[in-house]
Amino acid sequence: MDAKCSQLLPSVCTVLADPGHPVADDTCLEKLLDWFKALASAGPSLLVLKENPCLIELILAVLKRGEPDPILLSFILRLTGIFAASESSFQHLQQQEVVFGAFGEAGPLGSPLWEDMTIRSGWVQGAYAMLQHYSAFQFLCNSGALDMIFTLQEDPSLFIAAGANRLLARLLIFSVESEPSRLLSSKDYDWPACARMMVARVEEALTSRSLSRINHSLKLLMTLFEHSQDAWTEILWSRLAETVEALLMEDSVHVGPWLVDLFLSMARSPAFSSHECSLWKLVALALKNISLAHVGPLAHGLLKLEACPQALQAQSLAVLLQPMDGILRATSHHAASPNASSAEPLLFSTGLLCQTMAHLKEIQELACLAVEFPHQPLICSVVTILQFCAGQAVSSSSFGATLGHLLIGSFRVQRAALSLLGALSRWAASVHDEERLQVFDVLLTYLRSPDSSPVILKKALQGTLKWLRSALRPSVSLADVQQHQKFLRDTLRVLRKHLCSPSWEVRDSSLEFLSLAMKHLRGLDWFWQELLSSEVPRLLEDLLGDPESYVRASAVRTWGRFSLMAYSGPEAPVCKSNENPKELCIGGVRLLEILSSDAEGFPRRAAIGVFLDWLKEGHPEASASPAEFVSRALQAVDGDLDWEVKMAALDLVGVFIGQTFGRLGQSSTSAGSSLANLADVLRLFGQMKMLGFLFRALQDCDRPVAVKACEVLLALKSAVCKHRSKSSPSGDASGLKEVPTESSSSSLSSLPAGEAAEKDCQDPERLRRILEFTDLEGLQRALDVSSDHLERSPQSLLQDLLAAAGSAEENRVDCY
């Protein structure tokens, strides 16, 4: 603790201990606790207590009050727990009777104060923080607090109940680990006394008929297995397995969801990784007995678990696929069979169907599965679900008719099914032509439907792109290419209408699809041909003036991508308007106009982003004269108030600097772009007024902009020093003369500004001196400190508490 805080702390403690002063804001008290936690973890907490006796005086004063403020007492309990977490501090506090007064029977535990939820919460948090050593464990066991902690499992506050479970789990762990030499077994007498009592309480609750007690005990076990993964937990489980199995068999409807959580937490623990463990037998039983409405998360979790036995993973996958199999049976000729009718009740919940499809989608994202995945019937099932939602599925059974009424127009089911269908594109290589055409048809149905909401349309476009990307695989056949080409052609026809939609979300999603398609499919000649043969490029140009700023931004990004394709992609046949594709592309002039004059920030951000992409990827407008290209962009950005625009402009400068130093010494065919030495580079930067832009950004009011500018200047300084060191001592090779060394400065005021900046940046020698002798590293360290670091400091916090107390006192005097 620094000296200033040590001076302020006694006054703060006096204010907090004074019943006449109102309790400080609980947010300030939370910050105060955070500070004390940092102090206790940074060094010996006993030293803090001894150097600041006012802390113990404060704790005792509040504990001895008859009716303390609940918020303040909760704070004191947690503060005591923080310091008592150190065994030496615990002994010191015990000598002062602080621990007994806070967590023993003399404290709030045995008084009417316990009725207040805030105090109970503070007690649980404080006791949990204190329980870091054996002395604290002994105190809690011997003080009679265990019964109360078990009672807190049923507290109406879920936060307190969860805290009580964590506290009980840590107590049990301490009890077992307190006697490491003891050989545990399933026999009761082999366990330490406290652990024996706690396990007996759990067993008794599990065999009771009280659902609430069963729930609390299962939650305690789950918390225990999450916090301890030692071998003794498997021994504990062997004692409880039969009891839990009886629960599963007798009342799976009520305890099923709780057992799912317990089994998942256990399955993730290395203590139960052996395939011979009794856990896996119970898990298999749970997959069979617990209803589909509740067992899905268990099946899903097991499929993602590498340690799970393969037979169980196969069973889990079968469980997840049951609702999807029922969908296929609903439209089959055998839907009236007993098997089909047994599936009927399972499908009346759209929630179950959505949950199942969400789980199956996540499984598609796994690198590999230990069991064979039946992707073909699943794709057919998802297509059927989408057909039901669109009112296109045909079924002669009563079950199919019921299903149709349930699913038609269901937004949730459509969204989940389209997401899963997109994820299933990973199996496109092994899908038959007929199934692929069904996928394409159902996607086009949703793209064409006027009833598709913007969200559903976006999902359909995302799925369309994923299935189009499957044409990029090396083994694609000519027939597959023709199917994909026709699918793209039909999609682009629909897209022309969506680009003119009155809904801005639809226009925006359509542009996003086009931009991503150009990015991912640019290597396919037929994609380029189909795109140019449509009227989409012409519509794109109109959307640059869209009244909605989001759409204008998407149009700018899409045009930037299209322009890159036009100049770097294959020369396609002329489009319908008999124009060369390059003539369709807007140039940098239009983008500069958007960058300098658009009133909204989103299009300007998109425009500077396009400039950055063009410079990186070698667009002709950028590669012809990079300096002029960047200079024009910086002139348009200079003075922009949007910090994201400025950040992207700084990225542009950083890329340009890197490219320029990469060309240093290389001749170029472009007029005036040959850079012979370092002086030429710095002179070029000065002529572009780029350094002036960087120095202004370094003093920007938006801290991220200043930090970025400092990073770019540091990269420039590093490049200058690197090329400088390669030159001769006289500096001839760099084109610069030696100058006297100046002292480094980290002050922003020492940097050039205004007309002086422009003049200094024109002189390569002066510019080099500024870069080399300015302490940019020190500036970066200063900028990395949060702008509110002074306001968030402990000293400021203590001052705020005193100021609040003084203000309250003044107000009280004014009242009289």
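Modeller: Eight of the ten residues of helix H4 (residues 54–63) are buried, so this helix is largely enclosed by the rest of the structure. Buried means under 20% relative accessible area with a 1.4 Å probe, protein chains only; helices are DSSP runs (H or I, at least four residues) numbered from the N terminus. This is a predicted model, in which local features need pLDDT of at least 70. Residues are numbered from 1 along each chain.

Colleague: Which helices do the buried residues of H4 pack against?

Modeller: Those residues, among them Cys54, Ile56 and Leu63, pack against H1, H2, H3, H5, H6 and H7, where contact means heavy atoms within 4.5 Å.

Colleague: How many cavities of 30 Å³ or more does a search of the whole structure find?

Modeller: Rolling a probe the size of a water molecule over the atoms shows where empty space is left. Here the search finds two such cavities. A cavity is a set of points on a 1 Å grid where a 1.4 Å probe fits but cannot get out, and lining residues have an atom within 4 Å of a point.

Colleague: What lines the largest cavity?

Modeller: The largest cavity holds about 70 Å³ of space. Its lining includes Leu168, Met198 and Leu240, and H11, H12, H13 and H14 each supply at least two residues. The lining has ten nonpolar residues, no polar and no charged.

Colleague: Which helix gives the most to the lining of the second largest cavity?

Modeller: H20 does, with four residues. That cavity holds about 50 Å³, and its lining divides into six nonpolar, four polar and no charged residues. Nonpolar covers Ala, Val, Leu, Ile, Met, Phe, Trp, Tyr, Cys and Pro; charged covers Asp, Glu, Lys and Arg; the others, Gly among them, are polar.

Technical notes: Predicted model: local features only at pLDDT ≥ 70, side-chain atom pairs only at ≥ 80, totals over all residues. Heavy atoms only, no water. Buried < 20%, exposed > 50% of the residue type's maximum accessible area, 1.4 Å probe, protein only. 1 Å grid on protein atoms, 1.4 Å probe; cavity = no way out; pocket = protein on both sides within 12 Å on 5 of 7 lines; lining within 4 Å. Points joined across faces, edges and corners; volume = space filled by probe spheres on them.
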